[in-house]
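Below is a short briefing on an annotated site and the surroundings of a ligand.

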Amino acid sequence: MMQIGVLALQGAFREHQWSLEKCGASTRQVRKPEELEGLDALVIPGGESTTMGKLLKDFNLMEPIKKLAGEGMPVFGTCAGLIMLAKQIRNSQQETLAMMDIEVERNAYGRQVDSFETDLSVEGLGAEPFRAVFIRAPYITRVNDGVEVLARYGDKIVCARQGRFLVAAFHPELTDDLRMHRYFIENVAK
Ligand SMILES: NC(=O)CC[C@H](N)C(=O)O
């Protein structure tokens with residue numbers, strides 16, 4: 001059985017655990033470096049990326065996660081988790097784990113549409129659209145070579161994969177649709 005860690009510093013980590021467990025994985029909340037030991041993969045949930053970056057440092061998790069991800073540990077980041085995986089954030093020097101060759105813009109949809117839901121067509125999930133929940137979400141402004149775009153909302157890139165890293169600007173853990181988590185387990189992490 002695959003053992004997947006869920007970073008549990010803030011955000012909807014329990015919902016991620018439920019989704020992963022419904023897909024047949026076992027999960028572990030990660031708050032300490034030693035809780036990263038022996039994991040097959042890691043999920044970084046949403047939240048607030050500046051706070052999460054600060055907490056990752058305070059809890060001494062930044063370097064160990066960078067090291068494991070650099071050695072090939074699969075990571076799935078949603079929303080703020082997407083921001084944490086990006087090498088660049090537009091107009092910001094904010095520190096991230098810097099694992100994916102993407103540039104992101106935070107809070108990118110404006111106040112009028114702070115949060116919204118929409119049906120997205122996501123590459124790899126089959127023909128049926130995925131109900132995507134966006135909450136003060138980022139989008140990907142640029143992808144470099146080796147990054148596969150999996151979904152767009154209008155002209156904005158909102159889901160992408162680079163090898164063992166998968167990111168979504170939306171929150172698949174807040175819907176009953178398990179296809180995104182299953183895709184991570186069966187296609188990205190295997
Ligand atoms: N739901 C979320 O994770 C929001 C992300 C948040 N707006 C940020 O910039 O970090």
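This is a predicted model, in which local features need pLDDT of at least 70, side-chain atom pairs count only at pLDDT 80 or more, and totals for chains, interfaces and linings use all residues. Residues are numbered from 1 along each chain as its sequence is written.

**Annotated site**
- An unreviewed UniProt entry places the feature "active site" at Cys79, His171 and Glu173.
- These residues are spread over 95 residues of sequence but cluster in space, with a largest C-alpha distance of 11.0 Å.
- UniProt positions follow the numbering used here, feature names are shortened, and annotations may be inferred rather than shown by experiment.

**Cys79**
- Cys79 sits in the loop between strand 4 (75-78) and helix 4 (80-85); helices (H or I, at least four residues) and strands (E, at least two) are DSSP runs numbered from the N terminus.
- Cys79 counts as buried because it has 28 C-beta neighbours inside 10 Å; the cut-off for buried is 20 or more other C-beta atoms within 10 Å, exposed is 12 or fewer, and partly exposed lies in between, with C-beta atoms placed from the backbone.
- Leaving out residues up to four places away in sequence, Cys79 touches Gly46, Ile135, Ala137, Pro138, Ala169 and His171 (contact: C-beta atoms, placed from the backbone, within 7 Å).

**His171**
- The loop between strand 12 (165-168) and helix 5 (179-188) holds His171.
- His171 is buried, as 24 other C-beta atoms lie within 10 Å.
- With residues up to four places away in sequence not counted, the contacts of His171 include Gly46, Cys79 and Ile135.

**Ligand surroundings**
- Residues around the ligand include Gly46, Cys79, Arg106, Ile135 and Pro138 (near: C-beta atom, placed from the backbone, within 6 Å).

Notes
Two residues are in contact if their C-beta atoms, placed from the backbone, lie within 7 Å.
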